[in-house]
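Biologist: I am new to this structure. Please take a close look at its side-chain contacts, starting with the salt bridges, and walk me through them.

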Amino acid sequence: MSDWTDRPGTSPPEWTPRREPLAPPPSTRTAPLPGMPSPAAPGRYDSGPHPRGGRGSRNRRRPSRRRRYLRTAAVLSSVLLLGGAGTYVWADTRLDQQVDLGALGGRVPPGKGTTYLVVGSDSREGLSEQDRKDLNTGSAEGRRTDSVILLHTGANGTTMLSLPRDSWVTLPPYVDPGTGRGYRAAPNKLNAAFSLGGPGLLVRAVERNTGLRIDHYAEIGFAGFVGVVDAVGGVDLCLGRPVRDEDSGANLPAGCQTLDGAEALAFVRQRKQEAQGDLGRTRNQQKFLAALARKAADPATLADPSKSFPTLSAGLDTLIVDDGTELPDLMALFEALRKATGGGGRQLNVPVADPDLRTSKGSAVKWDDRRARALFRALREDRPPG
């Protein structure tokens with residue numbers, strides 16, 4: 001596909017994973033709030049001479065039921081507020097802000113609305129050798145993309161657009177972060193951008209080939225994905241036919257069922273039994289993300305600390321974001337994802353002209369240039385696609 005810009009890009013900065021020591025979630029138990037009176041048993045209280053010259057003591061008036069309810073509600077609200085603030089601070093310190101979007105060169109101009117690049121990577125970080133064996137992840141080191149999703153939100157709603165990782169695109173010029181050797185712009189698979197130059201090169205490749213400015217970047221690895229699914233108690237999914245794939249380990253019967261983390265990972269990774277290969281996989285990923293978003297946003301999940309805390313912790317364990325992403329941005333991303341997958345938005349795949357294009361790098365997915373350009377232009381201008 002032709003580029004959206006012919007401006008040469010500058011060398012992306014080297015990216016080095018950094019990990020902060022993980023702190024446990026703060027306790028939701030709090031000490032008595034400052035300034036609150038200590039509870040005392042009901043009864044008679046010495047209060048000096050009666051104003052009217054009567055008895056030196058009087059009975060304490062028992063608070064009304066309404067006042068007791070209001071007092072209880074105030075205390076509970078304070079406790080929840082303090083616990084929520086503590087959780088916010090804890091989660092904010094756990095954000096791994098590895099990607100410096102501001103340091104990238106050769107970028108396209110900003111558009112209207114907000115565009116997130118959401119990446120599911122095959123990073124094995126956080127997985128033991130036994131985990132890798134159980135999850136059929138193999139032992140490959142480094143990170144590659146298993147899914148690439150553009151999530152755009154603005155005045156005209158939310159759109160989730162999947163980009164097949166085998167998309168045949170033009171990679172911008174880059175410098176290998178390991179060797180320092182420079183490379184000119186050249187056609188390759190989209191997944192190669194991530195493998196060769198990390199998140200920075202992937203962001204530049206997506207921008208160069210779509211014309212969409214990436215405002216925020218979010219990436220989650222295998223361990224985080226599995227942990228989130230298990231933390232919410234599994235995800236309900238209905239399959240029209242059995243799904244079996246030796247490479248991913250998927251072995252699921254037809255019908256409605258609850259997938260645990262390992263089964264969910266195998267389902268979203270498999271593609272060999274899909275008639276359209278990588279395109280079929282992107283549709284499965286969208287279907288599963290819709291089910292996961294429904295489960296995670298369910299009031300029963302959000303109101304249960306035994307689910308909500310582990311879900312948040314698991315998601316943060318392998319989450320990598322850009323250095324401009326704060327917790328409010330992640331909350332906005334999740335809300336956009338929930339809308340796009342819950343009927344309040346659109347779920348699309350990039351228009352394709354040839355799902356099996358023969359290239360020097362093997363089979364690839366060729367976009368339909370005319371229709372893809374129209375779609376990208378609509379998102380850049382924050383217009384409804386179509």
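Modeller: A salt bridge here is a side-chain nitrogen of Lys or Arg within 4 Å of a carboxyl oxygen of Asp or Glu. Side chains of opposite charge can pair when their charged atoms come close. This is a predicted model: local features need pLDDT of at least 70, side-chain atom pairs count only at pLDDT 80 or more, and totals for chains, interfaces and linings use all residues. Residues are numbered from 1 along each chain as its sequence is written, and side-chain values use heavy atoms, with hydrogens and water left out.

The whole structure has 5 salt bridges. One of them joins R358 and D356, with the closest N and O atoms 2.9 Å apart. Exposure needs its cut-offs: buried is under 20% relative accessible area, exposed is over 50%, and partly exposed is in between (1.4 Å probe, protein chains only). R358 has 63%, so it is exposed. D356 has 34%, so it is partly exposed.

Next, R338 and E335. Their side chains meet in a salt bridge at 2.5 Å, N to O. Both residues sit in helix 9 (residues 327-341), 3 residues apart, about one turn of the helix. Helices (H or I, at least four residues) and strands (E, at least two) are DSSP runs, numbered from the N terminus. R338 is partly exposed at 34%. E335 is partly exposed too, at 30%.

Now R107 and E207. This salt bridge spans 2.6 Å, N to O. It links distant parts of the chain, 100 residues apart: R107 is in the loop between strand 3 (96-99) and strand 4 (114-121), and E207 is in helix 3 (residues 190-210). Both R107 and E207 are buried.

Cysteines come next. A disulfide is a pair of cysteine sulfur atoms within 2.5 Å. The structure holds 1 disulfide. C238 and C256 form it, S to S 1.9 Å. C238 lies in strand 12 (residues 235-239) and C256 in strand 15 (residues 255-259), 18 residues apart. The S-S torsion of C238 and C256 is about 105 degrees, so the disulfide is right-handed. C238 is partly exposed at 40%, whereas C256 is exposed at 62%.

Last, the rings. Rings of Phe, Tyr and Trp (its six-membered ring) pair if their centres lie within 6.5 Å; planes under 30 degrees apart count as stacked, over 60 as edge-to-face and the rest as tilted. There are 3 aromatic pairs. Among them is the tilted pair F225 and F288, 5.6 Å centre to centre, with 40 degrees between the planes. F225 lies in helix 4 (residues 222-231) and F288 in helix 6 (residues 278-296), so the pair ties together parts 63 residues apart in sequence. F225 and F288 are both buried.
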